[in-house]
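Student: I would like to go through some helix contacts and a ligand site, asking each time what the wording rests on. Please show me the structure first.

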Amino acid sequence: MSVLLLGNSVQITEINETLKQVAPTDVSVLITGESGSGKEVVAKSIHQMSRRSDKPLITVNCGAIPEGIIESELFGHQKGAFTGAIEERKGYFEMADKGTIFLDEIGEMPLSTQVKFLRVLETGEFMKVGGNKNISVDVRIVAATNKDLAAEVLMKHFRDDLYYRLRSINIYIPPLRERKSDIKLLFGHFTELYSKENNIDFKGIEDDAMDFLINYTWPGNARELKNFCESIIVLNPGKRLTLHDVKKHLQTDQKEITSSLPIIIGKSRENAEKDFLFRALLEIKSDILDIKDQITELRSFGNGNEKRDTDFTISEERFSKMNMYDIEKEVLIYLLDRNYWDVEKTSEILDQTPRSIYNKIKKYNISKEILRRDR
Ligand SMILES: Nc1ncnc2c1ncn2[C@@H]1O[C@H](COP(=O)(O)OP(=O)(O)OP(=O)(O)O)[C@@H](O)[C@H]1O
Ligand SMILES: [Mg+2]
């Protein structure tokens, strides 16, 4: 069965071509891309388009399993291997035998477990926790992450040998804002899906409203578009959507953004968790807008002694045209410059981990040279 990604952009067409070549083989695949971009969809496609499709697809979220039990979950354990191991247990790799294992959020896998995992990748063998004999499995491995694994390797959070082994086949799904031609198609698909599901008549959308959607940044990618379609259909039954409806609904600018989202009732736990995460992301966006406000205030209060001549100077007009990513980058550049590139201090001010600041420095390609040039 061929289950390809929906989209008519050059990037999705290329991904679908790669999927057709790679899926029927047994090679391991690393899927990367921002949250909500469709990594799980790709993992499922690989399994469904493989000769293993009638065997299990076991999905493991490496980020959700506590470090202390991840090895026993993945590889199983012998009876008595640790307190509480009252009987022998199969791990996910054994459960996935002859099928596919999808290791989601692989960037969260502890370093000690990565060693064991690399061995499975290379030999198909492992030992149970507390066990002393090798177990051999025939499992196709698919992994995904929204982290920058190269940066994780640099920070010694991810093993380089495992990274090089994994990335040999890497399917990268670009964010929705970089493949705008998919937006209309996905909008059509999701609106049809939800109008049927809810038995609501959908009367289409005005051209200027569609243009707005095409130019919106979709920080939550396809998931955000999907959620948007569901709620806008439910809230505007039988109405042709206007620019006003869309703008009101997306609340692109202000802080009520989280509270204005409809509460999702009757969803599966996984979907509810995704929605929760999506809301958390929007809250972060709202925090960034707060920082923007504070900086604007700082700027207008002007020339305190503590400030340096590299003061934050961006015109109001330019600020109003910036999207969330531009703002985040600008805030980072400003704080790094102000704190003499002290990542630790910058991370404290932003209430984030130094690691996430390093990731962002890399993501936005910020260097001391840029700081000097731009200031
Ligand atoms: N090309 C697509 N066609 C149809 N639906 C899509 C597409 N891409 C994503 N979706 C839908 O968007 C939602 C998010 O996709 P998915 O769960 O695969 O994202 P993800 O990259 O795994 O996100 P996360 O990193 O948060 O786990 C899902 O409901 C999925 O069905
Ligand atoms: Mg996912």
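Student: In this predicted model, which hand does the crossing of H8 and H9 have?
Tutor: The crossing of H8 and H9 is right-handed. The two axes cross at roughly 115° and come within 9 Å.

Student: Which residues of H8 and H9 meet there?
Tutor: From H8 they are Ile183, Lys184 and Phe187, and from H9 they are Met210, Leu213 and Ile214. Five residues of this contact are nonpolar, none is polar and one is charged.

Student: Why are H9 and H11 called roughly parallel?
Tutor: Helix H9 (residues 207–215) and helix H11 (residues 243–250) pack at an angle of about 30°. Angles under 35 degrees count as roughly parallel, and H9 and H11 are therefore described that way. Their axes lie 7 Å apart.

Student: What makes the contact between H9 and H11?
Tutor: H9 supplies Asp208, Ala209, Phe212 and Leu213, while H11 supplies Leu243, Asp245, Val246 and Lys247. By class, five of these residues are nonpolar, none is polar and three are charged.

Student: Which residues make the contact of H8 with H10?
Tutor: On the H8 side they are Ile183, Leu186, Phe187, Phe190, Thr191, Tyr194 and Ser195. On the H10 side they are Ala222, Leu225, Lys226, Cys229, Glu230 and Ile233. The contact has nine nonpolar, two polar and two charged residues.

Student: How many residues surround ligand 1, and which are the closest?
Tutor: Ligand 1 is surrounded by 16 residues, and the closest are Leu6, Gly38, Lys39, Glu40 and Ala222. Helix H2 (39–48) and helix H10 (221–235) each give two or more residues to this shell.

Student: What classes of residue form the shell around ligand 1?
Tutor: Five are nonpolar, seven polar and four charged.

Student: How do you know that the shell around ligand 1 draws on both domain 1 and domain 2?
Tutor: At least three of its residues come from each of domain 1 (10–174) and domain 2 (177–250).

Notes
Residues are numbered from 1 along each chain as its sequence is written. Chains are lettered from A and ligands numbered from 1 in the order in which they are written. This is a predicted model: local features need pLDDT of at least 70, side-chain atom pairs count only at pLDDT 80 or more; totals for chains, interfaces and linings use all residues. A residue is near a molecule or strand if its C-beta atom, placed from the backbone, lies within 6 Å of it. Helices (H or I, at least four residues) and strands (E, at least two) are DSSP runs, numbered from the N terminus. Ala, Val, Leu, Ile, Met, Phe, Trp, Tyr, Cys and Pro count as nonpolar, Asp, Glu, Lys and Arg as charged, and the others, Gly among them, as polar. Domain bounds come from an automatic or database domain assignment. Two residues are in contact if their C-beta atoms, placed from the backbone, lie within 7 Å. Axes are lines fitted to C-alpha atoms, for helices over the stretch in contact, and angles run from 0 to 180 degrees between N-to-C directions. Angles under 35 degrees count as roughly parallel, over 145 as roughly antiparallel, 65 to 115 as roughly perpendicular and the rest as oblique. A crossing is left-handed if the near helix is turned anticlockwise from the far one by less than a right angle, and right-handed if clockwise.
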